[in-house]
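Have the sequence at hand as you read.

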Amino acid sequence: QFGIILFTVSSIFAGFSISAEMLLLFRVIQGIGGAMIFSNISAIIFSVFPPVERGYALGWSATGTYFGLFFGPALGGFLTQYLGWRSIFYFNVPLGVLCAYAIGKIGFEWREAEGERFDFLGASLMASSLILIIVGFSLVRSFYGLLFFIFGVVLSYFFYRYEVGYDSPLFDVRLFENKSFIWNGFTTFISYFAGYPVIFLLSLYLQYFHGLNPWKTGMILAIQPILIALVSPVAGKLSDKKSPKGVAATGIVIIIWAMIIFSFLGSLYLIVLGLVFMGLGFAFFSIPNSKLVMEAVERRFLGVASATLVTFRVLGQLIGMALIVLFVNIYLGGGSIAAGRGSFQALMVVSFISFILLLIVGLLLTLKAR
């Protein structure tokens, strides 16, 4: 509830921004509020729903997420064009009030870690190390990029050592001993590492090589989130009735086939087919995978597990994009896509092959995890 309130209030102030710096400040606060919301959704679902219904509930949660990802940009473009960019933030206000009311109607609460101190130093170490690693990785060809990356890795080690000795750690390192939690969590990281940059690459490919305008490109790329939204409840129900591991593994195999299709850089029909496979694959992977991660921990770790799952996803997206930035620097340097069409195509093929190899590792981890 507090995250929703924080997000809503910061939206109001973002809409009133009088400078880019003020807008960025309130976007940061929105991010903090968003973290409070999304890191707790899975934990709430696992606390409210019985085990036989959790996959189905997670599926409907994913449906809401991906319908939002589809309608958000379209509605944002409409509001910006006809009412100005500030209207995007004002539009969040009634939605925020509605969401806060809905959360308040949940007649169930738990506080398994009540009385524990919040680990501010651990949170600072983790945030600093992740920022340095992500920025450093995207600039790793430069001296400062390599330096940032090394400092980030060193800080990660200090974070781990600090958490081992702290009585109320931000992240209980004993979870690293849980193979099911770590391996399925790392598979989440791999899948989003491979899946997120694909949309970025395809958007450029469709515009520069097929001559589509941004609106048509967006409509084609929307195939993936729409399919995820539609199929997620089915995948969730299936993970309640069948082996979640088997359903998740099937999803990864479908995603791998999507990457193989994309690597041919063919016609629009092939790209559409690949996006269909991507949508189906992520629907059948993400829901049972989330269930496997959450079911691997004790009830008192549900909040940490839920937040860690979100962190794995976002880290995968960020580092995946950082890899693409690195490839762009290697293949295009300072040149444009129009001037280096052959180099960009080579970049895409190398990217898809890299993603296929990573997803095979993720498939093996899923099958090996208990």
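I5, V9, I12, F13, F16 and Y90 make a nonpolar surface patch of about 520 Å². Areas follow the Shrake-Rupley method with a 1.4 Å probe, and for residues only the protein chains shown count as cover. Helix α1 (residues 2-15) gives the most to this patch, with 4 residues. Helices are DSSP runs of H or I with at least four residues, numbered from the N terminus.

Y90 is found in helix α4 (residues 86-104). At 33% relative accessible area, Y90 is partly exposed, where buried means under 20%, exposed over 50% and partly exposed in between.

This is a predicted model: local features need pLDDT of at least 70, side-chain atom pairs count only at pLDDT 80 or more, and totals for chains, interfaces and linings use all residues. Residues are numbered from 1 along each chain as its sequence is written, and side-chain values use heavy atoms, leaving out hydrogens and water.

Now for the interior. A nonpolar core joins buried Ala, Val, Leu, Ile, Met, Phe, Trp, Tyr and Cys residues through side-chain atoms within 4.5 Å. The largest one has 71 residues, of which F181, L202, M259, F262, F352 and F355 touch the most other members. Helix α7 (residues 179-209) gives the most to this core, with 14 residues. Apart from it lies another core of 6 residues, including V231 and F284.

T188 also lies in helix α7 and is buried, at 0% relative accessibility.

Note on methods
Buried < 20%, exposed > 50% of the residue type's maximum accessible area, 1.4 Å probe, protein only. Helix = DSSP H or I, 4+ residues; strand = E, 2+ residues; numbered from the N terminus. Patch = residues over 30% accessible without salt bridge, like charges linked within 9 Å, V, L, I, M, F, W, Y side chains within 5 Å. Salt bridge = Lys/Arg side-chain N within 4 Å of Asp/Glu carboxyl O.
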